[in-house]
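Trainee: I am new to this structure and would like a close look at a single part of it, the aromatic pairs. Could you take me through them carefully, together with what surrounds them?

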Amino acid sequence: MSDSMLPESFEQLAESRRHWLDEVLRPWCQRACQKDLRQAELEWLDLAGRVDVKATLWTWAWERFPVLTHPEMAGLNETHPVTVTFTDGRTAQGYPDSRASVRGTLVLMNAHNGGVEVLGPFSIDDIQTVTAADCNLQSGG
């Protein structure tokens, strides 16, 4: 980097860091495969600084499926059911379970025959699309 490109003030330095996080690291998380995301997790302190991995790396990774996240919350949005379509054509429906969905895997919960059905874990790499599901969801798919 040439001297003319170096930040001259703290404000410029902070802005360049925000730019790198928003324009490079976050978009990379939204496209990276699970293996690369897990590798980044090991080096996250060096890459992103002192930030929570679940609130940044994994939330950003799940943003590739916007229905799974909320812009003002970290982690998965558990407030509405979703339909997940996998790369092999299968589908599953349920409510995302943020606590059980770790390190690039998605777990869905669903009311089923008076109990709770757990679906997954499903790798982020195997998911093609995620859409909002019918709010009257009763059983898994």
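Mentor: A search of the whole structure finds three aromatic pairs, where rings of Phe, Tyr and Trp (its six-membered ring) pair if their centres lie within 6.5 Å, planes under 30 degrees apart counting as stacked, over 60 as edge-to-face and the rest as tilted. This is a predicted model, in which local features need pLDDT of at least 70 and side-chain atom pairs count only at pLDDT 80 or more, while totals for chains, interfaces and linings use all residues. Residues are numbered from 1 along each chain as its sequence is written, and side-chain values use heavy atoms, with hydrogens and water left out.

One of the pairs is formed by Trp 44 and Trp 60, which are edge-to-face, with 6.1 Å from centre to centre and 65° between the planes. This pair links distant parts of the chain, since Trp 44 belongs to helix 3 (residues 44-48) and Trp 60 to helix 4 (residues 54-62), 16 residues apart; helices here are DSSP runs of H or I with at least four residues, strands are runs of E with at least two, and both are numbered from the N terminus. Trp 44 is buried, with a relative accessible area of 1%, and Trp 60 is buried as well, at 10%, where buried means under 20% relative accessible area, exposed over 50% and partly exposed in between, with a 1.4 Å probe and protein chains only.

Another of the pairs brings together Phe 86 and Phe 122, whose ring centres are 4.7 Å apart and whose planes are at 50°, so the pair is tilted. It too links distant parts of the chain, with Phe 86 in strand 1 and Phe 122 in strand 4, 36 residues apart. Phe 86 counts as buried at 1% relative accessibility, and Phe 122 is buried with a relative accessible area of 14%.

Five strands form an open sheet in the order 4-3-2-1-5, with antiparallel pairing, and two strands are said to pair if DSSP finds at least two bridges between them. The edge strands are strand 4 (115-123) and strand 5, each of which pairs on one side only, and the twist averages 40° from one strand to the next, the axes being lines fitted to C-alpha atoms (for helices over the stretch in contact) and the angles running from 0 to 180 degrees between N-to-C directions.

Strand 1 (residues 82-86) is mostly covered, four of its five residues being buried. Strand 1 pairs in the antiparallel sense with strand 2 (residues 91-96) over four bridges, and Thr 83 stands opposite Gln 93 in strand 2. Strand 1 and strand 2 form a hairpin with four residues between them, and Gly 89 in the turn has a positive phi of about 95°. Strand 1 also pairs with strand 5 (residues 127-132), again antiparallel, over five bridges, with Ala 132 in strand 5 as the bridge partner of Val 82. As for strand 4, which holds Phe 122, it pairs with strand 3 (residues 105-112) in the antiparallel sense over seven bridges, and Leu 108 stands opposite Leu 119 in strand 4.

Returning to Trp 44, we can follow one of its contacts. Val 53, found in the loop between helix 3 and helix 4, counts as buried at 19% relative accessibility. Leaving aside its neighbours within four places in sequence, Val 53 is in contact with Glu 41, Trp 44 and Trp 58, contact meaning heavy atoms within 4.5 Å.

Glu 41 in turn forms a salt bridge with Arg 103, the closest N and O atoms being 2.6 Å apart, where a salt bridge is a side-chain nitrogen of Lys or Arg within 4 Å of a carboxyl oxygen of Asp or Glu. That pair links distant parts of the chain, Glu 41 lying in helix 2 (residues 34-42) and Arg 103 in the loop between strand 2 and strand 3, 62 residues apart. Glu 41 counts as partly exposed at 22% relative accessibility, and Arg 103 is partly exposed with a relative accessible area of 33%.
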